[in-house]
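Me: I've got a model open on my screen and I'd like to learn to read it feature by feature. Could you walk me through it?

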Amino acid sequence: MQDVLKKIENFFLSVTKNKNEILSCFENEALQSLNTEAQERIVEITIRNPLCRKYAPPLSYQKFFLRCLHDSVEKFGSECSDDLMKTYTDILTMQDDGRVSYHSYKIDGNCTITLQESSCIVVKNTTGLQTWEAGKYLSEWCIRNPLNFERKTVLELGSGIGLLGIVVLKFCNPLKYIFSDKSPEVLKFLSSNIKINIQDFNNSAIEQLQLFWSDVTEKEANLLLPDVILGADIVFDIDTIGSLVLALKILLVKDSACAYIASTIRNPETNNKFLAELATAGFIYIILKRHEQSIFIYDKSSDFVLYQILKLQK
Ligand SMILES: C[S@@+](CC[C@H](N)C(=O)[O-])C[C@H]1O[C@@H](n2cnc3c(N)ncnc32)[C@H](O)[C@@H]1O
């Protein structure tokens with residue numbers, strides 16, 4: 001029972017919306033057709049989880065989750081416990097007052113990363129107020145390959161609300177991590193997320209920067225001097241690919257520097273344009289082998305690619 005409860009807890013705290021996967025957890029034999037004990041344990045590790053009380057997932061998600069649980073109990077013909085009924089009706093009567101909500105990602109037994117996120121895909125002209133699948137994919141790669149960042153200056157482009165950088169700071173011991181994004185709204189969320197997750201958030205090893213790819217200058221590049229540039233889901237708009245590649249060209253000042261860019265392949269044309277622009281700018285790229293995806297919960301339909309990008313040596 002412990003394994004499936006752990007899985008349900010992770011689904012709930014990370015606000016995983018895949019209904020079929022949630023229902024299939026509830027069908028697990030160990031939960032014995034969701035008898036009263038199983039229902040109580042599930043409520044305990046989700047709605048009454050101390051982390052949920054401190055950093056609540058969106059109310060609409062809590063309602064959705066409890067509806068799935070309630071409907072599954074009825075489907076199995078089990079009796080709905082008083083505790084579940086009360087919890088469900090209490091939540092149903094609550095109004096979403098627009099308070100911020102959180103997603104929590106359990107990385108391992110010792111580390112959970114909690115992020116303030118928005119449920120809307122585009123807010124104030126940015127897609128950066130939620131964590132994207134490629135962000136989880138690249139974060140997992142970094143956890144599995146920490147030596148690439150050890151004592152290095154890392155610059156992240158389009159960092160959004162910060163999962164990747166927080167992961168690198170916690171697991172990869174960089175010398176410095178510079179988060180950057182164009183959007184002031186994103187940078188506000190990012191700043192609270194760094195405070196939630198990094199005790200020593202005033203640490204000089206962490207910088208947050210408003211940076212538009214089209215505005216990067218050589219002067220700025222010489223001040224930042226990154227050893228590694230990271231980017232997750234930043235190749236999605238055909239119109240910004242030119243400025244992104246130019247920014248990489250200006251920012252990769254050091255001969256030994258390289259970039260790791262992860263994308264979800266939605267439109268092959270966008271990806272091809274990115275590769276063509278890289279070649280024109282004098283870069284070479286390596287497609288890195290797919291790694292095991294077991295730390296985060298992923299949308300199974302997502303197709304990822306991770307490029308290591310290097311300057312062609314003269
Ligand atoms: C799809 S989101 C990805 C966010 C994050 N990397 C992740 O994986 O969750 C793209 C991010 O790139 C930023 N962005 C888009 N165009 C940009 C530009 N021209 N200059 C700087 N940042 C940009 C957006 O504000 C947004 O935060």
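Reply: Helices (H or I, at least four residues) and strands (E, at least two) are DSSP runs, numbered from the N terminus. Two strands pair if DSSP finds at least two bridges between them. Here, strand 1 (residues 101-108) and strand 2 (residues 111-117) run antiparallel and are joined by seven bridges. Ser101 stands opposite Glu117 in strand 2. The two strands form a hairpin, with two residues between them.

Me: Before we go on, what kind of model is this, and how are residues numbered?

Reply: It is a predicted model: local features need pLDDT of at least 70, side-chain atom pairs count only at pLDDT 80 or more, and totals for chains, interfaces and linings use all residues. Residues are numbered from 1 along each chain as its sequence is written.

Me: In what order do the strands of the open sheet come?

Reply: The order is 5-4-3-6-7-9-8, seven strands in an open sheet with mixed pairing. Strand 5 (206-210) and strand 8 (283-287) are the edges; each has a single partner strand, so one side of each lacks a neighbour in the sheet. On average, neighbouring strands are turned by 20 degrees against each other, direction ignored.

Me: And what does "mixed" look like in practice?

Reply: Take two pairs. Strand 8 and strand 9 (residues 304-311) pair in the antiparallel sense over five bridges, and Ile286 has Gln308 in strand 9 as its bridge partner. Strand 6 and strand 7, on the other hand, pair in the parallel sense over five bridges. There, Ala232 is bridged to Ala262 of strand 7.

Me: How many residues of strand 7 are buried?

Reply: The general idea comes in two parts. In a regular strand the side chains alternate between the two faces of the sheet. A residue is buried if 20 or more other C-beta atoms lie within 10 Å of its own, exposed if 12 or fewer, and partly exposed in between, with C-beta atoms placed from the backbone. In strand 7, seven of its seven residues are buried. Cys258, Tyr260, Ala262 and Thr264 cover one side, and Ala259, Ile261 and Ser263 the other.

Me: How do I read two helices packed together?

Reply: Two packed helices are described by the angle between their axes and the distance between the axes. Axes are lines fitted to C-alpha atoms, for helices over the stretch in contact, and angles run from 0 to 180 degrees between N-to-C directions. Helix 7 (residues 133-144) and helix 8 (residues 163-171) pack at about 10 degrees, with their axes 9 Å apart. That makes the two helices roughly parallel; the label is for angles under 35 degrees, with over 145 roughly antiparallel, 65 to 115 roughly perpendicular and the rest oblique.

Me: Which residues make that contact?

Reply: Two residues are in contact if their C-beta atoms, placed from the backbone, lie within 7 Å. Helix 7 brings Gly135, Lys136, Leu138, Ser139, Cys142 and Ile143, while helix 8 brings Leu163, Leu164, Val167, Val168 and Phe171. By class, the contact has eight nonpolar, two polar and one charged residues. Ala, Val, Leu, Ile, Met, Phe, Trp, Tyr, Cys and Pro count as nonpolar, Asp, Glu, Lys and Arg as charged, and the others, Gly among them, as polar.

Me: Why is helix 8 described as largely enclosed?

Reply: Because seven of its nine residues are buried. Among them are Leu163, Ile166 and Leu169. Just after helix 8, Asn173 takes a positive phi of about 50 degrees.

Me: Where does Val15 sit, and is Val15 buried or exposed?

Reply: Val15 is in the loop between helix 1 (2-13) and helix 2 (19-26). With 23 C-beta neighbours inside 10 Å, Val15 counts as buried. Its phi is near 60 degrees, a positive value in a residue other than glycine.

Me: Last one: what surrounds the ligand?

Reply: A residue is near a molecule or strand if its C-beta atom, placed from the backbone, lies within 6 Å of it. Here 23 residues surround the ligand, and the closest are Gly128, Gly135, Gly158, Gly160 and Lys182. The shell divides into nine nonpolar, eleven polar and three charged residues.
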